[in-house]
Amino acid sequence: MSGCTISGGSYGIYGGNQQYTVRDFQIFGQTNASICLIWDWGWTWSGLHLSSSPIGISLINPQDTSGQPSGSTYILDTMFDETPIAIQASFEQSSILKSSIITLDNIGVN
């Protein structure tokens with residue numbers, strides 16, 4: 001997906017998938033998180049501008065906080081603006097997959 005603007009709501013994007021790419025999104029004004037991934041096997045996020053939400057990207061399923069953790073997440077060329085928690089990820093050591101990797105490249109935080 002590319003070139004979208006999402007304003008307001010509880011979550012801008014709430015979902016999970018495998019091997020997916022999102023680029024050039026502006027997401028702002030959510031009450032919970034700009035993005036919430038309930039599971040993934042390899043998402044690439046490029047050119048995001050996430051603003052005015054309590055959490056930029058949550059990698060925790062709010063319906064099952066003890067469930068399977070997210071897999072590989074690559075975030076590049078992204079700005080977190082007026083977002084107190086840029087990336088939320090909290091997994092117990094025993095539940096982390098060998099593929100649970102967060103890669104950040106050219107990230108801005110304001």
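1. Let's start with the overall fold: the protein chain has 0 helices and 10 strands. Helices (H or I, at least four residues) and strands (E, at least two) are DSSP runs, numbered from the N terminus. Following the sequence, the pattern reads β-β-β-β-β-β-β-β-β-β.

2. A word on what you are looking at: this is a predicted model, where local features need pLDDT of at least 70, side-chain atom pairs count only at pLDDT 80 or more, and totals for chains, interfaces and linings use all residues. Residues are numbered from 1 along each chain as its sequence is written, and side-chain values use heavy atoms, with hydrogens and water left out.

3. Next, the chain as a whole. Of the 110 residues in the protein chain, 35% are buried. Buried means under 20% relative accessible area, exposed means over 50%, and partly exposed lies in between (1.4 Å probe, protein chains only). The accessible surface of the chain is about 5900 Å², and carbon and sulfur atoms account for 48% of that surface. Accessible areas come from the Shrake-Rupley method with a 1.4 Å probe; for residues, only the protein chains shown count as cover. Among contacts between residues at least 6 apart in sequence, 52% join residues at least 24 apart. Contact here means heavy atoms within 4.5 Å.

4. Now look inside. The largest nonpolar core has 14 residues, and those with the most contacts inside it are Ile35, Trp45, Leu48, Leu50 and Ile57. A nonpolar core is a set of buried Ala, Val, Leu, Ile, Met, Phe, Trp, Tyr and Cys residues joined through side-chain atoms within 4.5 Å. Which elements give two or more residues to this core? They are β3 (20-28), β4, β5 (43-46) and β8 (73-81). The most comes from β3, with 3 residues. As background, nonpolar side chains in soluble globular proteins tend to be buried together.

5. Leaving aside neighbours within four places in sequence, Ile57 is in contact with Ile35, Leu48, Leu50, Ile75, Phe80, Ala86, Ile87 and Gln88.

6. Is Ser34 buried or exposed? Ser34 counts as buried because its relative accessibility is 0%. You will find Ser34 in strand β4 (residues 33-40). Not counting residues up to four places away in sequence, Ser34 touches Tyr11, Gly12, Ile13, Ile27, Leu50, Ser51, Ser53, Ile55 and Gly56.

7. How many aromatic pairs does a search of the whole structure find? The search finds 3. The rings of Tyr11 and Tyr14 have centres 5.0 Å apart and planes at 55°, so this pair is tilted. Rings of Phe, Tyr and Trp (its six-membered ring) pair if their centres lie within 6.5 Å; planes under 30 degrees apart count as stacked, over 60 as edge-to-face and the rest as tilted. Tyr11 counts as partly exposed at 25% relative accessibility, and Tyr14 counts as partly exposed at 37%.

8. The rings of Trp43 and Trp45 have centres 4.7 Å apart and planes at 15°, so this pair is stacked. Both Trp43 and Trp45 are buried. Ring pairs also link Tyr20, Trp43 and Trp45 into a cluster.

9. Asp24, in strand β3, has a positive phi of about 55° although it is not a glycine. Asp24 is partly exposed, with a relative accessible area of 44%. Asp77, in strand β8, has a positive phi of about 50° and is not a glycine either. The relative accessible area of Asp77 is 40%, so Asp77 is partly exposed.

10. Where is Ser10? Ser10 sits in the loop between β1 (2-7) and β2 (11-17), and counts as partly exposed at 31% relative accessibility. The C-alpha atoms of Ser10 and Thr31 are separated by 4.8 Å, while the two residues are 21 residues apart along the chain. Leaving aside neighbours within four places in sequence, Ser10 is in contact with Gln30, Thr31, Asn32 and Ala33.

11. Finally, the surface. Ile102, Leu104, Ile107 and Val109 form a nonpolar patch there, with about 330 Å² of accessible area together. Like charges are joined within 9 Å, and nonpolar side chains (Val, Leu, Ile, Met, Phe, Trp, Tyr) within 5 Å. Leu104 lies in strand β10 (residues 102-109) and counts as partly exposed at 48% relative accessibility.

Note on methods: Patches are made of residues with over 30% relative accessible area and no salt bridge: like charges are joined within 9 Å, nonpolar side chains (Val, Leu, Ile, Met, Phe, Trp, Tyr) within 5 Å. A salt bridge is a side-chain nitrogen of Lys or Arg within 4 Å of a carboxyl oxygen of Asp or Glu.
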